[in-house]
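Have a look at the model first.

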Amino acid sequence: MLQTVLLMTAPEETKKILRLIRSSSFFEPIGVFVEMGAEKKHDDVPVFSYSSPPQLEPDYVVYSPPNIKIAIQLQEDVYHESDIISDSQFYKLADHIKQSKAAEANLQQFKTILDNTHDGMIVIDQRLNITIFNKSAERMTGLSADEALGRSILEVMPNSQLPRVLDSGIEEVNQEQILANGTKIYTTRTPILDQSGRKHGAFAVFKDITEIVDLAEEVTNLKSIQIMLSSIINSSEEAISVVDEEGKGIMINPAYTKLTGYTAEQVIGKPATTDISEGESIHMQVLKTRKPVRGARLRVGPKRKDVIVNVAPIIVDGLLKGSVGVIHDVSEIKGLTEELNRARQIIRTLEAKYSFEDIIGESDEMRFAVDQAKLAASTPATVLLRGESGTGKELFAHAIHNASDRKFNKFIRVNCAALSESLLESELFGYVEGAFSGALRGGKRGLFEDANGGSIFLDEVGELSQNTQAKLLRVLQENEIRRVGDTKAIPINVRVIAATNVNLEKMIADGTFRQDLYYRLNRMPIYIPPLRARNSDIVMLANHLLQKLNQDYGRNIEIISSDAEDFLLKYHWPGNVRELENVLGRAIIHMSHTDSKINREHISLLQQVDHNKPNSESGGSFNELTEEITLAEQMDEFEKTILTDAINRYKGNKTKTAKALGISLRNFYYKLEKYGLDDKVRK
């Protein structure tokens, strides 16, 4: 609260005192005394005479020596409670108050500092009474300052060693002590001495030893993490750069220097744009948006390397601390992609080894077959793969399984023509103990049980005996099997993918294949065209197979010459893709290890082609094909010739052609698809 002052001082002193009052915050002037008749004012302070003093009684009446009598008289007559002091006394009073206020502010500041320090602090005076007990001391001891201040240290903390330090006058540094509440501390105790060495008290500063241990462990962990991260970054094959929140480089690794050509001295402490030769800094973009950026294309370094950059912000406790970028050489990515493709050719250990990506072909015929297979993969329907030997039916079966929701379960392959009837039945359906002579003790699970939840591929399904066909029909109808020699049915959930290269319709007509099984298997038929029906795929297939054969034979054949390609395109490929692979493999085997190109002279075919005669695809008759084609192939070629002649005779009219041939329109469409004759009919 301000103290009021009435001035009865000489004019010069009045000015000085008013300046002093205005520069301080302790006094408030309420009036200045002037001689009778003078109306002069001192700024905003009113003047008065003896006959008209202010109504408000001041705390102090300040006078100059010439006005002492008037001041005393004024006190006796009007201001009985006011103190009368001379101007010199007022100066001393103001200085004293100023120093007291400063001391009070310092004391409050000191107390604030003590209460906010992390270390505990206790101070005692020479009578052992506690004078300071800060908040950290409260936290560590479990005592409140109200309980401790003003009381003897021995009463509050009986095991305190401060009295001993006060008595001895010797400082004790980093002493371990256990407080009454069990807290372990490190403490330093110091006596308080004046300049003459007299003891005025003692104080202790102490720290919770648990915090020290935790802090030491934290520092050790941080150093370990820093070393570990640094080692990881420096050993990484990926080029890495790190910038601070201002976009200045703080870390790079050797891979970065190898890629960009810039050393740490050229980057650390420099702007993030230093290494960019074309494009904008992704580091700066990330620092601005606080959002990661992936797949940005830039050119970096003096050699203008084409790179892809992934950059992410570094945010700690909500604060942006910088960003980290990983730089990929585009040329290296291309190399890795090629290496991955080669690796996929090498890996052949999985049960279902192939996917639709392994099916090579851009022709309309192959695209249609693949689309049908993908559609089949999305359903649980039974699939029947039809096509000549060597067209890739097993490849399609693998791809269908791997594209279905059963891909994580088993894929069992069975060649129905490779096993005898009795052995095939026991292998497919299993058997119980004692089912036949030589049966294993405890019986054996069949392949259908092994494939439960997955897929089973029945290759050459047309070779099944009538008895096995009946059992397979039961599996497809009832979703259950019976082991050989057992009467108990076992439920199964298996997706059947069957394949054949024979004419099942003819077998049905001959009575060698069950019609009801045919309809069960033929729910999702897929015809895989022969290689001669997709001539445009031959070169692409040959180059794909060349990569596989290079891996198999440890060779490095890079290309096929144009004259060799022409020769391959003119051949009718009765053995389809399998024959193409054999021809290329045989060529590589007989080539020199220094050769890198397959030429025409390296290729020898099982059947030589008379290039002066048109092949079947160019309108040649069935009789012009060589006599070494299999019976099934000859029948297919003969059927294709009949279809072609009929289509030409009826000028592409589908209905008339089917009626003339005595077949259903649906069967006619199937044969058009099978022989690739769709383009010969009217749309």
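Q: Which handedness does the crossing of α20 and α22 have?
A: Quick ground rules: this is a predicted model, so local features need pLDDT of at least 70 and side-chain atom pairs count only at pLDDT 80 or more, while totals for chains, interfaces and linings use all residues. Residues are numbered from 1 along each chain as its sequence is written, and side-chain values use heavy atoms, with hydrogens and water left out. A crossing is left-handed if the near helix is turned anticlockwise from the far one by less than a right angle, and right-handed if clockwise. For α20 and α22, the crossing is right-handed.

Q: What is the angle class of α20 to α22?
A: Helix α20 (residues 538–553) packs against helix α22 (residues 576–589) at about 50°, with the axes 9 Å apart. Angles under 35 degrees count as roughly parallel, over 145 as roughly antiparallel, 65 to 115 as roughly perpendicular and the rest as oblique. That makes α20, relative to α22, oblique.

Q: Which residue forms a salt bridge with Lys 207?
A: A salt bridge here is a side-chain nitrogen of Lys or Arg within 4 Å of a carboxyl oxygen of Asp or Glu, and the structure holds 28 of them. For Lys 207, the closest N and O atoms of the pair are 2.8 Å apart, and the partner is Asp 119.

Q: Is Lys 671 buried or exposed?
A: Lys 671 pairs with Glu 639 in a salt bridge, closest N and O atoms 2.7 Å apart. Glu 639 sits in helix α23 and Lys 671 in helix α25, so the bridge ties together parts 32 residues apart in sequence. Buried means under 20% relative accessible area, exposed over 50%, partly exposed in between (1.4 Å probe, protein chains only). With a relative accessible area of 12%, Lys 671 is buried.

Q: What is the relative accessible area of Trp 573?
A: Trp 573 is found in the loop between α21 (562–570) and α22. Its phi is near 50°, a positive value in a residue other than glycine. Trp 573 is buried, its relative accessible area being 0%.

Terms used: Axes are lines fitted to C-alpha atoms, for helices over the stretch in contact, and angles run from 0 to 180 degrees between N-to-C directions. Helices (H or I, at least four residues) and strands (E, at least two) are DSSP runs, numbered from the N terminus.
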